[in-house]
Amino acid sequence: MSWMNELFHTEKPVIGLLHLRALPGDPFFPAGGSIEEIIEAARADLHALQAGGVDGVLVTNEFSMPYQKKVDGVTLASMAMVVGALKSEFRVPYGVEAIYDGDATIEICAATGAAFTRCMFTGAWAGDLGLVDRDVARTLRLKKALGLDALKLFYFVTSEGEVYLNDRSTLDITKSLLFNCRPDALVVGGTAAGENPGPELLSRVRTAAGGTPVICGTGCRMNNVEQVLTAGDGAFVGTTFKVDGKFENPVDARRVGAFMDRVRQIRGVQHG
């Protein structure tokens, strides 16, 4: 049995994204806002995701825009407070991600008892945030020092909003990442939240990965989930689970349930 099956009880998990609202210290944290309001919004989204039947939940600081290359302490403290408030209510495996900051992501996982995480752990990138230069050697040493040997890491191979600062192909990047870093799984994202990378790219990366799971990071919807689960080994799903399929809205349990019903049908056919 693979570690994916041991953790998520399926070889092709759908991991629901729990997008935290803007946190204290974020530019768009509302005047007069409170951490209690953030916790209650997160609680409603968590219950909706779990009621709909997702296989796992990843908590992210999605509305901490524009994202920081080095996440502030107040952001990590706020995230930890939210996850701590909800910890007894998780019914599926959960992870936590401090977007863009691999070291902060490892630290928040240590503080919250997360079983897995994803992040842009490697590479040098250029985009709206300027240059994003990761130091995966330091990140993995931090993971080791914190005793997180069991923590599963999902590495982005393509970014949602940046371009890689060299002329290597995605497949070459995949192969060198596998050799240098030994990721537990790879994530292929589109150009932005809600944008799909396409089944062709997923399939090519999966072939190059040689058995390491390859997960769709963005843009998995009802109309393409069969292609995604055929080309890859699962998906992170956020926007499509929300009311009217809009990024800024709360999670709709009915949309989650309908989506997961379709996923179970696809799994049954693939394994039948």
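A nonpolar core is a set of buried Ala, Val, Leu, Ile, Met, Phe, Trp, Tyr and Cys residues joined through side-chain atoms within 4.5 Å; buried means under 20% relative accessible area, with a 1.4 Å probe and protein chains only. The model is predicted: local features need pLDDT of at least 70, side-chain atom pairs count only at pLDDT 80 or more, and totals for chains, interfaces and linings use all residues. Residues are numbered from 1 along each chain as its sequence is written, and side-chain values use heavy atoms, leaving out hydrogens and water.

**Exercise 1.** Find which residues have the most contacts inside the largest nonpolar core.

Solution. Step one: this core has 72 residues, and Val57, Leu186, Phe241 and Phe259 have the most contacts inside it. Step two: helix α2 (residues 35–52) gives the largest share, 7 residues; helices are DSSP runs of H or I with at least four residues, and strands are runs of E with at least two, numbered from the N terminus. Step three: a second, separate core of 14 residues includes Trp3, Met4, Leu7 and Ile15.

**Exercise 2.** Decide whether Asn5 is buried or exposed.

Solution. Step one: Asn5 lies in helix α1 (residues 3–8). Step two: its relative accessibility is 19%, so Asn5 counts as buried.

**Exercise 3.** Work out the strand order of the open sheet.

Solution. Step one: the 3 strands run in the order β6-β5-β8 with antiparallel pairing, where two strands pair if DSSP finds at least two bridges between them. Step two: β6 (130–133) and β8 (162–164) are the edge strands. Step three: β5 (residues 124–127) pairs with β8 over 3 bridges, and Trp125 stands opposite Tyr164 in β8.

Key. Buried < 20%, exposed > 50% of the residue type's maximum accessible area, 1.4 Å probe, protein only.
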